[in-house]
Amino acid sequence: MTRADTGTDPGAPVAGGSGDATAGLASAELHATTSDHAVSAQPDQSELPDEPGQPAEAMQDTDAESAIEPASPAEPAPADEPPGTEERAPADPLPVSELAGILPALRALGGRMDDIVSATAELSRLRSRDTDLIARLHEDVTRLRSGEIATAMNPVVTGMIKLHDQMVSLGALDDPASPVGMLRTQLLQIMELTCAVTPFTPAPGERFDASRHTGARRIPTTDASEDGTIASTIKAGFARADGSVVRVAEVEVHRLSG
């Protein structure tokens, strides 16, 4: 609606409206002034610093320098040191009180080690003695058993020896292929296998030994070197495998004539 519509003159003041217009203009100017001061009092968000106590210009300069300056390469580790090696601080030495407590324990441990060494040496000596004792006992038992067996077999051996002498008297030595000679050979085999007894015949010229020989006759001789030697064998002797004589050999012995 215009002033023409209302029938009023534009140049003429409206009655009762000048005071209201003036008051409204003054209020509008006061509001605009207050708004400008409020806007100017608020800081710009773009100019605020990122961290307290640091200006915005310094932060912008630092960002610009970091963007322009290239990243420096990592420095290589020294060639004489392996990677990952770090110097270690030397361990603190033990206090004197702890060392004084360790020394008696070490001395006691050394004494116990000496005792263990001595006990080991004594045990080794005892084991060696036991081994020797067992070996001697085994030998004694074997000898006793052999003696017992020999004693038990003596009658059998004596009978076989007499049978052998009878076969020899029947000409077994003269003809070994004869029945008597073959029986004598078998008898000697049985005596050796069952009783470990074998015959022995002294050779002529062998020195007379009373533990193995018995003199049946004396043969005179003028040769001094033949004195006390065997001239011939009348009956063979018999001995066991251990050397013990079951029966001595019956022989003729040379004697130096006067």
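This is a predicted model: local features need pLDDT of at least 70, side-chain atom pairs count only at pLDDT 80 or more; totals for chains, interfaces and linings use all residues.
Trainee: I would like to begin with one residue. Where is the place of Ile219?

Mentor: Ile219 belongs to strand β2, which covers residues 213-221.

Trainee: Is Ile219 buried, partly exposed or exposed?

Mentor: Buried means under 20% relative accessible area and exposed means over 50%, with partly exposed in between. Ile219 has 26% relative accessibility, so it counts as partly exposed.

Trainee: Which residues is Ile219 in contact with, leaving aside its neighbours within four places in sequence?

Mentor: Ile219 touches Ala231, Glu252, Val253, His254 and Arg255.

Trainee: How many bridges join β3 to β6?

Mentor: Four bridges do, and β3 and β6 (residues 249-256) run antiparallel.

Trainee: How should I read the two faces of a strand?

Mentor: In a regular strand, side chains alternate between the two faces of the sheet. Here, take strand β4 (residues 237-240): Gly237 and Ala239 lie on one side, with Phe238 and Arg240 on the other. All four are buried, so both faces of β4 are covered.

Trainee: Which strands are joined to β4 by bridges?

Mentor: Strand β1 (residues 197-200) is joined to β4 by four bridges, and the two run antiparallel. Within that pairing, Val197 stands opposite Arg240. Strand β5 (residues 245-247) is joined to β4 by two bridges, again antiparallel, and Phe238 has Arg247 in β5 as its bridge partner.

Trainee: What do β4 and β5 form?

Mentor: They form a hairpin with four residues between them. In the turn, Gly243 has a positive phi of about 100 degrees.

Trainee: Finally, the rings. How many aromatic pairs does the structure hold?

Mentor: A pair of aromatic rings is described by the distance of the centres and the angle of the planes. This structure holds zero aromatic pairs. Still, look at Phe200: the charged end of Arg212 sits over its ring, 4.3 Å from the centre.

Terms used:
Residues are numbered from 1 along each chain as its sequence is written. Side-chain values use heavy atoms; hydrogens and water are left out. Buried means under 20% relative accessible area, exposed over 50%, partly exposed in between (1.4 Å probe, protein chains only). Contact means heavy atoms within 4.5 Å. Two strands pair if DSSP finds at least two bridges between them. Rings of Phe, Tyr and Trp (its six-membered ring) pair if their centres lie within 6.5 Å; planes under 30 degrees apart count as stacked, over 60 as edge-to-face and the rest as tilted. A charge sits over a ring if NZ of Lys or CZ of Arg is within 6 Å of the ring centre and within 35 degrees of the ring normal.
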